[in-house]
Amino acid sequence: MNWNKWIRQFHRWVSIFFTFTVIANFVAIGLGHPAPWLTYLPLPPLFWLMFSGLYMFAVPYFSKRLQQ
């Protein structure tokens, strides 16, 4: 598996985990006062999504410049 495929697969799995943490957050808020650790649980996967998404966004632009 090459590097770009690995990053895309990582991005997909982290997005699934992020979605579940956000849903858990809404459920906890609906049931009452959520625990502080649950409130901040979506932040680490959000940062990983940001970095992998920026990488996937930038790769086509840098690969075009390297080919010229």
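Phe57 is exposed, with a relative accessible area of 55%; the classes used here are buried (under 20% relative accessible area), exposed (over 50%) and partly exposed (in between), with a 1.4 Å probe and protein chains only. Tyr61 also counts as exposed, at 51% relative accessibility. Both residues lie in helix H3, 4 residues apart, about one turn of the helix. Helices are DSSP runs of H or I with at least four residues, strands are runs of E with at least two, and both are numbered from the N terminus. The model is predicted: local features need pLDDT of at least 70 and side-chain atom pairs pLDDT 80 or more, whereas totals for chains, interfaces and linings use all residues. Residues are numbered from 1 along each chain as its sequence is written, and side-chain values use heavy atoms, without hydrogens or water.

The structure holds 4 aromatic pairs. A pair is counted for rings of Phe, Tyr and Trp (its six-membered ring) with centres within 6.5 Å; planes under 30 degrees apart are stacked, over 60 edge-to-face, and the rest tilted. In one of these, the ring centres of Phe10 and Trp48 are 5.8 Å apart and the planes meet at 85 degrees, so the pair is edge-to-face. Because Phe10 lies in helix H1 and Trp48 in helix H3, this pair ties together parts that are 38 residues apart in sequence. Phe10 is partly exposed, at 25% relative accessibility. The pair formed by Phe57 and Tyr61 is tilted, with 5.5 Å from centre to centre and 55 degrees between the planes. Trp3, Trp6, Phe10 and Trp48 form one aromatic cluster.

Helix H1 covers residues 3-31, and its end C-alpha atoms are 42 Å apart. The buried residues of H1 are Ile7, Val14, Thr21, Asn25 and Ala28. Thr19, also in H1, is partly exposed at 41% relative accessibility. A polar atom of the Thr19 side chain lies 2.8 Å from the backbone oxygen of Ser15. Thr19 and Leu46 are 27 residues apart in sequence, with a C-alpha to C-alpha distance of 9.7 Å. H1 is followed by Gly32, whose phi is positive, near 145 degrees.

Helix H3 spans residues 43-67 and includes Ser52. Ser52 counts as buried, at 6% relative accessibility. Leaving aside residues up to four places away in sequence, Ser52 touches Ile7, Phe10 and His11, contact meaning heavy atoms within 4.5 Å. Phe47 lies in H3 and is partly exposed, with a relative accessible area of 47%. The C-alpha atoms of Phe47 and Val22 are separated by 14 Å, at 25 residues apart along the chain.

The protein chain has 3 helices and 0 strands. Its radius of gyration is 16 Å, well over the 11 Å that the globule rule gives for 68 residues, so the chain is more spread out than a compact globule. The radius is taken over C-alpha atoms, and the rule is 2.2 Å times the number of residues to the power 0.38. Along the principal axes, the C-alpha atoms fill a box of roughly 60 × 20 × 15 Å. Of the 68 residues, 18% count as buried. Among contacts between residues at least 6 apart in sequence, 71% join residues at least 24 apart.

Definitions and conventions: Expected span 1.5 Å × (residues − 1). Polar contact = N/O pair within 3.5 Å; in protein donor to acceptor, adjacent residues only side chain to side chain.
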